[in-house]
Amino acid sequence: MRILQLHVDFIEYEPIKKEIPGAEEAEKGKVREEDTVVLFTAVEKGDDGEVAAKAVGELKAFLKNLGANRVMIYPFAHLSSDLARPADALPVLEAMEREAKNAGIETSRSPFGWNKAYQLKVKGHPLAEMSRSYSKGVKPAPEQQKPPHPRRELSEGELLARIKKSDFGTLPETDHRVIGERLDLFSFQEPSPGMVYWHDKGLTLRNLLVQFIMAELRRRGYIEVSSPALANMTLWRVSGHDEHYKENMFLTSLGEEELGLKPMNCPSIFLIYKSRRWSFRELPVRFADFDPVYRNELSGVATGLFRVKVLSQDDAHIFAPEEKAESELVGLLDLLDKMYSVFGLKYKVKISTRPDEHMGSVEEWERATKTLVKAVEAKGLAYEVKDKEGSFYAPKIDVDIKDSLGREWQCGTIQLDLQMPKRFKLAYTGSDGKEHVPVVIHRTIYGSLERFIGIILEHYKGALPVWVSPVQACVIPLSDEHLVYSQEVLSELRAAGVRAEGYFESGTMGSKIRNAQLQKIPYMLVVGKKEEDSKTVSVRTRAGEQEQGVRLESFIGRVASDVAANR
């Protein structure tokens, strides 16, 4: 049995259509439960009542730590490739429900065998997302175990059939996965589930976002660093991730050493900080880091760009004396406001406090939390308190942004950490000549770049502003007679730094304009005899506005103006 366990603010589902002949009877209509633990459950071959009881036994202990007593069992086949037959799975789910109720847990179960529409909002604390697996306790003795089936060699056709692109044909036109494919930004491929294949235009967009924030960070005194993807598990034991996060890590071995792909950057950045001595005169020091991190999300949880297994963040770690933490936090809230305003994104601030499972003393947590509150209040921001939802090592400011559809997404986060610096023996020399322990502020503004790109694609419905459009202009000749002048126009645009393409293939001008509009290209430059004779272009916007006789230097200036104003 495999369970994905999510502590949620709410879950709402609606049975849509029976998926299998043995589906339970269910009433149509939406069902909503709030403040509950959702158990997405896949019943596997060989599971029975014993396995159900074992799962509920561990669940009861977990709920006690969480201070919760309400669960929803949600049949979810996507967690396993070794599923039990439906006729065997339903009794196990019923046994699980019965065991939970007998254990005094307030329990509900969504109907089995249905396609259901659902949405939920996961709380952000360290125990909010966990996965578990269970099997019968008695394993066959080694001599009784059947030898593994030899792997059958696949034919060339079967191999090719398995390395195909993921199909999003059933998703709505407004979904970022559909927009991304249509604009040729990225794709998802079956051999790498939950991971993004960036195409040239998508990579251009991602790089533009990184360059934009990096330019701002340089003005604010940040330095950029990078660290290896793979590290010995001793690093993660010191940081506490081995204890609290190991099941979400990709692990491997080298000889007798166990290694893990980094799920977070912070422990590696601490090693860079420790590589030299620091004086109080040099602090705060601000390290920026855009390395990818690797998180072993269950395949049923990964959702387009919103949740992936390999992601990059605009990560940063600020090392400062504790007395300078508040002013640093105020500066970060300034940065956050500036960045979100550029995209027209509204946001909401939440302060997440000490969870039950945490490092450090209560006094340290209260001191750090009070500093976060003072910084938020100094900025005049309204905030909510998310009780017990801080990270296991630090309280934090979580920032939810609201997109054009009114949906909220958790993106930015700012954590004030008094614990990791002590575990890693970080130090700086103070004005008294003695060694002191700095605080560390962990922060991201975009959050995951992948998620942020998914959000803005849906926010703008694919029509990105000129300054972040992978292609800002395309040149369309009226006929082949004007190819030479069109090439000259394209070359001048590119030389001036305009991201431009030439639509020089055969086809009608109408079809080329229609294609450019579908590609959401902001400007189309149409070139014919009149334009060639006058050394101008006709400019058409994707909104349909037209202007004739525009000199090329004037158009280049217009694009530069758009970029400078982040339009």
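1. Basis. The model is predicted; local features need pLDDT of at least 70, side-chain atom pairs count only at pLDDT 80 or more, and totals for chains, interfaces and linings use all residues. Residues are numbered from 1 along each chain as its sequence is written, and side-chain values use heavy atoms, with hydrogens and water left out.

2. Helices H5 and H12. Helix H5 spans residues 200–219 and helix H12 residues 449–459. Helices (H or I, at least four residues) and strands (E, at least two) are DSSP runs, numbered from the N terminus. The two helices pack at about 110°, with axes 11 Å apart. Axes are lines fitted to C-alpha atoms, for helices over the stretch in contact, and angles run from 0 to 180 degrees between N-to-C directions. H5 and H12 are therefore roughly perpendicular (65 to 115 degrees).

3. Their contact. H5 contributes Leu205, Arg206, Leu209 and Val210. H12 contributes Leu449, Glu450, Phe452, Ile453 and Ile456. Contact means heavy atoms within 4.5 Å. By class, there are seven nonpolar, no polar and two charged residues. Here Ala, Val, Leu, Ile, Met, Phe, Trp, Tyr, Cys and Pro count as nonpolar, Asp, Glu, Lys and Arg as charged, and the others, Gly among them, as polar.

4. Glu450 pairs with Arg206, the closest N and O atoms being 3.5 Å apart. A salt bridge is a side-chain nitrogen of Lys or Arg within 4 Å of a carboxyl oxygen of Asp or Glu. Glu450 is in H12 and Arg206 in H5, so the pair ties together parts 244 residues apart in sequence. Glu450 is buried, at 2% relative accessibility. Buried means under 20% relative accessible area, exposed over 50%, partly exposed in between (1.4 Å probe, protein chains only).

5. Other salt bridges. The structure holds 41 salt bridges. Asp356 meets Lys388 at 3.4 Å, N to O. Asp356 lies in the loop between strand E16 and helix H10, and Lys388 in the loop between strands E17 and E18, so the pair ties together parts 32 residues apart in sequence. Asp356 is partly exposed at 42%, and Lys388 is partly exposed at 37%. Arg237 and Asp242 also pair, at 3.9 Å. Glu24, Glu97, Lys101 and Arg109 form a network of salt bridges.

6. Thr36. This residue sits in strand E2 (residues 31–42). Thr36 is buried, with 1% relative accessible area. Beyond neighbours within four places in sequence, its contacts are Leu6, His7, Val8, Ile11, Arg70, Val71 and Met72.

Conventions
Parallel < 35°, antiparallel > 145°, perpendicular 65-115°, else oblique.
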